[in-house]
Amino acid sequence: MRSGNIDASAGVTEGFKANAIGSVLSKIPVIGGILGGLFGSKTSVIGSGLYGGAQSVGDILGGGFDASYYSDIEKKKKLFGLTTSKKYSTQYGGADAGLENQFTLILKSFNDAIASAAGPLGVATGEVQARLNGFIVDIGKIDLKGLTGAEIEEKLSAVFGAAADGMAAAAFTGLEQFQKVGEGVFETLVRVASTVEAVGTSLTLLGTNSQAMGIGVKLALADQFDSVSALTDAAGAYFDTFYSKEEQAAAKTAQMSGVFASLGVSMPATLSAFRQLVEAQDLTTSAGQSTYATLLKLAPAFADLQASMEGAKSAADIASERQDLQRQLLELQGDTAAIRALDLAKLDASNRALQQQIYAIQDAQAAATAAKALSDAWTSVGDSIMDEVKRIRGLTDVAGGNSFASLQGQFNAATSAARGGDQDAAKNLPALSQALLTAAAEQATSRQELARVQAQTAASLEATYGVVTALSKGSASSKAIISTDDLIASISDAQTSSTPAAANDDLLSEIKSLREEVTAMRNENNSGQAAIAGSAARMDRRLEAVTSASGGDAISVVKAA
């Protein structure tokens with residue numbers, strides 16, 4: 001128990017205090033030393049500790065115990081060293097909240113223990129609690145001045161023990177007849193209630209009507225044994241040896257039914273029903289919490305009772321057990337139709353059609369989900385296949401830009417579309433040609449390879465140019481090649497037809513650009529070929545000079561630095 005600083009005398013100054021006369025006399029050198037202690041007053045704390053005023057148990061349970069610290073003060077007045085008067089007073093101070101809470105818990109535990117004795121002693125619990133609520137606890141002053149920790153604890157135990165005795169005596173009359181030497185009323189109540197309950201339980205188990213027996217008879221029977229536990233052990237051994245399994249099961253069932261009746265519920269028939277009862281409790285309420293705790297305590301005994309009744313199951317229990325097992329088997333086998341048939345059989349006939357509609361909607365949703373999952377799976381597979389195709393064909397981007405193979409594919413596709421009459425594709429050919437030749441220049445392994453690509457590209461553009469020219473004149477032949485002047489003239493003539501003039505102007509501009517691109521590529525190709533030819537001629541002359549029959553020129557080799 002936390003006692004805190006039990007001292008209400010804080011601020012009280014003990015000892016001698018000179019009055020006005022003494023103060024004056026003390027200023028005189030000789031007289032002050034002789035007469036200074038002959039006048040004044042002395043204040044002393046003659047008692048201090050805890051104080052608890054009169055308060056009912058009901059108020060304590062509802063709002064907590066109200067305690068205070070106190071100090072008894074004595075004040076003496078002196079004249080010429082003689083005490084002329086004494087005055088006494090008491091100072092109070094609020095007690096520590098933690099200390100008050102501890103006292104509340106102590107008194108609450110007394111209340112609960114006394115109330116729990118109502119059942120075994122055959123008294124209504126509500127009646128006992130009403131008596132307790134009206135009982136007045138008045139501990140008064142508890143003088144703790146000068147006591148050690150052990151002495152304080154002993155004194156507080158005596159004070160609150162007396163309060164417990166008063167509460168027990170108020171709740172149950174006539175307990176004094178069962179008191180033993182040196183036993184308090186509260187202690188007597190606890191002993192009598194526990195003994196009566198143990199004897200009654202044992203007698204009920206053996207089929208004896210203990211309700212007709214008085215408290216004195218049950219206590220006398222218990223006195224025939226060394227202890228209450230010795231009595232219960234003897235009764236249990238007799239029950240196990242001389243009663244059949246059916247009789248034991250019946251007796252335990254009756255006993256267990258009484259316990260469930262006290263909780264206000266019927267005893268479950270199976271372990272699964274017991275579990276459902278436990279899980280159905282509302283743990284947000286005090287009643288639910290109490291029932292939940294009691295059921296958990298009963299669980300082992302209930303399980304033992306069920307095990308002892310295994311050989312005497314009813315037909316309904318067996319059928320219910322079989323249905324549970326069948327359902328588990330069907331779930332493992334994935335037989336949805338059979339499971340639904342079981343569920344439908346449990347429903348009223350008027351509700352089965354509604355349940356079947358629910359099944360139909362569930363099936364449709366499941367089918368749609370499965371179809372979507374299958375479609376997504378095939379899409380993923382197809383994407384991975386096309387990624388591999390693109391990798392093989394070299395159509396994927398390389399290092400953040402477009403590869404030569406990719407650009408060549410785009411150029412060829414645009415060329416094919418342009419020759420088929422796609423005007424937008426024809427407009428894109430010059431830009432694609434430039435990008436293609438730039439990529440070829442970066443990736444070609446020789447000058448000859450680059451020249452070959454340039455020549456092929458130029459030839460392709462010339463062929464496309466011929467097709468575009470033919471298209472502009474409305475020719476059916478896609479292979480005719482005409483001059484640019486003829487193409488321009490045909491476009492000018494066509495401006496009077498249904499083709500918009502703006503579109504013809506765009507086409508004319510693109511064709512001019514295409515012609516310039518082809519001319520530039522031819523010149524670049526010719527220059528390249530000439531450079532290659534010149535380089536080859538020089539190499540031939542050098543080789544001829546080295547390999548000449550007249551000895552030729554020497555070749556010197558210099559190691560690179």
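## Salt bridges across the chain

Asp72 and Lys141 join their side chains in a salt bridge, with N and O 2.9 Å apart; the term covers a side-chain nitrogen of Lys or Arg within 4 Å of a carboxyl oxygen of Asp or Glu. This pair connects distant parts of the chain, since Asp72 sits in strand E4 (residues 67-79) and Lys141 in strand E7 (residues 140-143), 69 residues apart. Strands (E, at least two residues) and helices (H or I, at least four) are DSSP runs numbered from the N terminus. Asp72 is buried at 18% relative accessible area, while Lys141 is partly exposed at 39%. For these labels, buried is under 20% relative accessible area, exposed is over 50% and partly exposed is in between, with a 1.4 Å probe and protein chains only.

A quick word on ground rules: this is a predicted model, where local features need pLDDT of at least 70, side-chain atom pairs count only at pLDDT 80 or more, and totals for chains, interfaces and linings use all residues. Residues are numbered from 1 along each chain as its sequence is written, and side-chain values use heavy atoms, with hydrogens and water left out.

The structure has nine salt bridges. One of them pairs Arg131 with Glu127, whose closest N and O atoms are 2.3 Å apart. Both belong to helix H5 (residues 125-134), and because they are four residues apart there, about one helical turn separates them. Arg131 is partly exposed at 33%, and Glu127 is partly exposed at 39%.

Asp363 and Arg340 make another salt bridge, with 2.9 Å between the closest N and O atoms. Asp363 is in helix H15 (residues 349-393) and Arg340 in helix H14 (residues 336-346), so this pair ties together parts 23 residues apart in sequence. Asp363 comes out partly exposed at 39%, whereas Arg340 is buried at 18%. There is also a network: Arg327, Glu331 and Asp343 are joined by salt bridges that share partners.

## The largest pocket

The largest pocket holds about 980 Å³ of space. On a 1 Å grid over the protein atoms alone, a pocket is an open set of points with protein on both sides within 12 Å along at least five of seven lines, a cavity is a set where a 1.4 Å probe fits but cannot get out, and lining residues have an atom within 4 Å of a point. Points are joined across faces, edges and corners, and a volume is the space filled by probe spheres set on them.

The pocket's lining has 29 residues, with Gly119, Pro120, Glu197, Thr201 and Gln211 nearest its centre. H10 gives the most, six residues. By class there are nine nonpolar, 18 polar and two charged residues; Ala, Val, Leu, Ile, Met, Phe, Trp, Tyr, Cys and Pro count as nonpolar, Asp, Glu, Lys and Arg as charged, and the others, Gly among them, as polar.
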